[in-house]
Amino acid sequence: MSPSQTDRRRLLAAERYLWTPAGRGETGHAALIFPNSYAVGMSSLALHTLWRLLSEAGWEVDRAFLDPQRGYSLEHEARLSDFDLLAFTCAYELDYLHLAPLLEGGGVPALRADRGPRDPLLIAGGPGVTQNPEPLAPLFDLLFIGEVEPVWEELQAALARSAESKQAALEAAAEIPGVYRPDEPPEEPVTRQVLREVNLFPSASVVVTPETELSDMFLVEVGRGCPQTCEFCLARQIYHPFRPRSRDNLLETIRPALAVTPRVGLLGAALSDHPHLLELCETLVAEGAQVSTSSLRVDALTPRLAQVLAAGGARTLTLAPETGNESLRRRIGKPIAQEHILAAARAAEEAGIATLKLYFMVALPEETEEDRLAIAELVGELREVAPRLRLEVGVSPLVPKPHTPWEGLAMPPVAEIRRRSAQVRRALGKLGIASDIGSARGGLVETALSRGGQELGPVLVEAGRRGGDFAALRGACREAGLRLEDYAEAPEGKPWKVVGVRGCRD
Ligand code: SF4
């Protein structure tokens, strides 16, 4: 048995199911693909949600990841070319570089133009696709914009036709709101789909496993959208409006899972804005759950919430002050006072939380050296007010995202971003605090793939074939007559306008 076959069996053996897959293949055979590792993919709620939806629609669903067996499914070790439907969820731009190795490893030509009627039907969705489907348009037959649940009935009926005829499935799907069919570009922007009544569709883990980044944790989405006003934020635009799930709905989803695992991860862009967060955490902890949360808004981390989370086993909390300077914070639309950040750290320490993770950004508009040094000053103050807390600091460059008020910003050159990040690292180093500095090159690639057009599709394929690293991407760009750096300039066109997002500023 090969090492990858051993890994595959180990991963499957470690999984504990919270449901019984319904689909037996009466609709067809679908591979649900996450273009990164098993550990990352199984931490994606979108993957769990689509798995359930496809299975309930009669598909026999296999999952496929970048590893352990690239190009083959996890469940049956089937080649991707053997499926009727390949459904991708694409969350991160850097994962686009994994698409060609996955597809070609599974015997499926990566570019749509090279595929024929007997190849599987390829569809992709997810935040990457919703923000700007154009770099992926040369690879996929269909791209989905927004949240799939409101049109799921029609979409799954259209996709079901792929088992008999790919062309019939394409034609039926193209009529459905939110579907972008790149070989027949739409006259009007494709409208982002929004699930109005979130309580009707749960979004939660269907399997738990110790083999993910969030080991043995039952993940549940507490709501969609965010009512806050951060100018740089893509989530605020593409998940607008804010829709918290009801407390009863969440408890109904979570309680059965507690029989399988006590670990519950509450996820949501605006977790802290959920009107019943404290009450929900109190109830779950009283019922024996260990509750973890995604990043909390600084001013929402009250002493009581910190105590409840600590009582539920939380050892680490995450906050994103974004900048060290209060006035810059206000200018970027995140009006959080310094005193609230200090109070949150104090509350965490007093509750017995061991580690506070803090996220900051560099390369913000009008940012000065003083602003960057203020990050270290703030971290230094936090250490003074909460000396027993271990502080972990992450610093990443701003990526100007489509559909945000900053979509047209120029990004500083890589060397300049590195210089600014190094200033922060040195200032933190003087305090004896290590920092995790995000890659400036990674920020450039993310910017290019967020703002680029269809010209990047063949480049992604070629770069993926060459190993998918920065050098491969730069080389593939050069051969196509493109420069990654050009995407950092203020864009002249806006390819992402093929999508009508109607975010919170529209
Ligand atoms: S609070 Fe978070 S999710 Fe909400 S707008 Fe700001 S960055 Fe985005």
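Student: Where does Pro68 lie?
Tutor: Pro68 is in the loop between S3 and S4. The model is a predicted one, and every value here is computed from it.

Student: What is the peptide bond from Asp67 to Pro68, cis or trans?
Tutor: That bond is cis, with omega near 15 degrees. The bond from His240 to Pro241 is also cis, with omega near 0 degrees. Pro241 sits in the loop between helix H8 (234-238) and strand S12 (243-244).

Student: Why are such bonds pointed out?
Tutor: Because most peptide bonds are trans.

Student: What makes Glu77 worth noting in its phi?
Tutor: Phi of Glu77 is positive, about 55 degrees, although Glu77 is not a glycine. Glu77 is found in the loop between S3 and S4. Most residues other than glycine have a negative phi.

Student: Why is Glu77 called partly exposed?
Tutor: Glu77 has 13 other C-beta atoms within 10 Å. A residue counts as exposed at 12 or fewer and as buried at 20 or more, and partly exposed in between. Therefore Glu77, with 13, is partly exposed.

Student: And which label does Glu366 get, buried or exposed?
Tutor: Glu366 has 8 other C-beta atoms within 10 Å. The cut-off for exposed is 12 or fewer, so Glu366 is exposed. Glu366 has a positive phi too, near 65 degrees, and is a residue other than glycine. Its place is in the loop between strand S16 (355-362) and helix H14 (369-385).

Student: How do you know that Pro303 is partly exposed?
Tutor: There are 14 other C-beta atoms within 10 Å of Pro303. Since 14 falls between the limits of 12 and 20, the label is partly exposed. Pro303 lies in helix H11 (residues 303-311). Not counting residues up to four places away in sequence, Pro303 touches Ala347, Glu350 and Ala351. Its C-alpha atom is separated by 36 Å from that of Gly128, 175 residues apart along the chain.

Student: Why does Ala300 count as partly exposed?
Tutor: Ala300 has 17 C-beta neighbours inside 10 Å. A buried residue needs 20 or more, and an exposed one has 12 or fewer, so Ala300 is partly exposed. Ala300 is in the loop between strand S14 (290-293) and H11. Leaving out residues up to four places away in sequence, Ala300 touches Ser272 and Leu305. Ala300 and Leu271 are 29 residues apart in sequence, and their C-alpha atoms are 9.5 Å apart in space.

Student: How do you know that the span of helix H3 is close to the expected one?
Tutor: H3 (residues 45-56) has twelve residues.

Student: What makes H3 mostly covered?
Tutor: Nine of its twelve residues are buried, that is, each has 20 or more other C-beta atoms within 10 Å. Among them are Leu47, Leu50, Trp51 and Leu54. The buried residues of H3 pack against strand S2 (28-34), helix H2 (38-41), strand S3 (59-65) and strand S4 (85-89). Just after H3, Gly58 takes a positive phi of about 95 degrees.

Student: Which residues is Leu32 in contact with?
Tutor: Leaving aside neighbours within four places in sequence, the contacts of Leu32 include Leu47, Leu50, Trp51, Leu54 and Ala87. Leu32 and Ala87 are among the residues with the most contacts inside the largest nonpolar core, which has 158 residues.

Student: What does helix H6 (residues 152-160) pack against?
Tutor: The buried residues of H6 are Leu155, Ala158, Leu159 and Ala160. They pack against S2, S4, strand S5 (121-125) and helix H7 (166-174).

Student: Why are six residues of the ligand shell classed as nonpolar?
Tutor: The residues around the ligand include Cys226, Cys230, Cys233, Ala235, Ala269 and Ala270. Cys and Ala count as nonpolar, so these belong to that class. The shell also has one polar and three charged residues.

Note on methods: Residues are numbered from 1 along each chain as its sequence is written. This is a predicted model: local features need pLDDT of at least 70, side-chain atom pairs count only at pLDDT 80 or more; totals for chains, interfaces and linings use all residues. A residue is near a molecule or strand if its C-beta atom, placed from the backbone, lies within 6 Å of it. Helices (H or I, at least four residues) and strands (E, at least two) are DSSP runs, numbered from the N terminus. The expected span of a helix is 1.5 Å times one less than its number of residues. Two residues are in contact if their C-beta atoms, placed from the backbone, lie within 7 Å. A nonpolar core is a set of buried Ala, Val, Leu, Ile, Met, Phe, Trp, Tyr and Cys residues joined through C-beta atoms within 7 Å.
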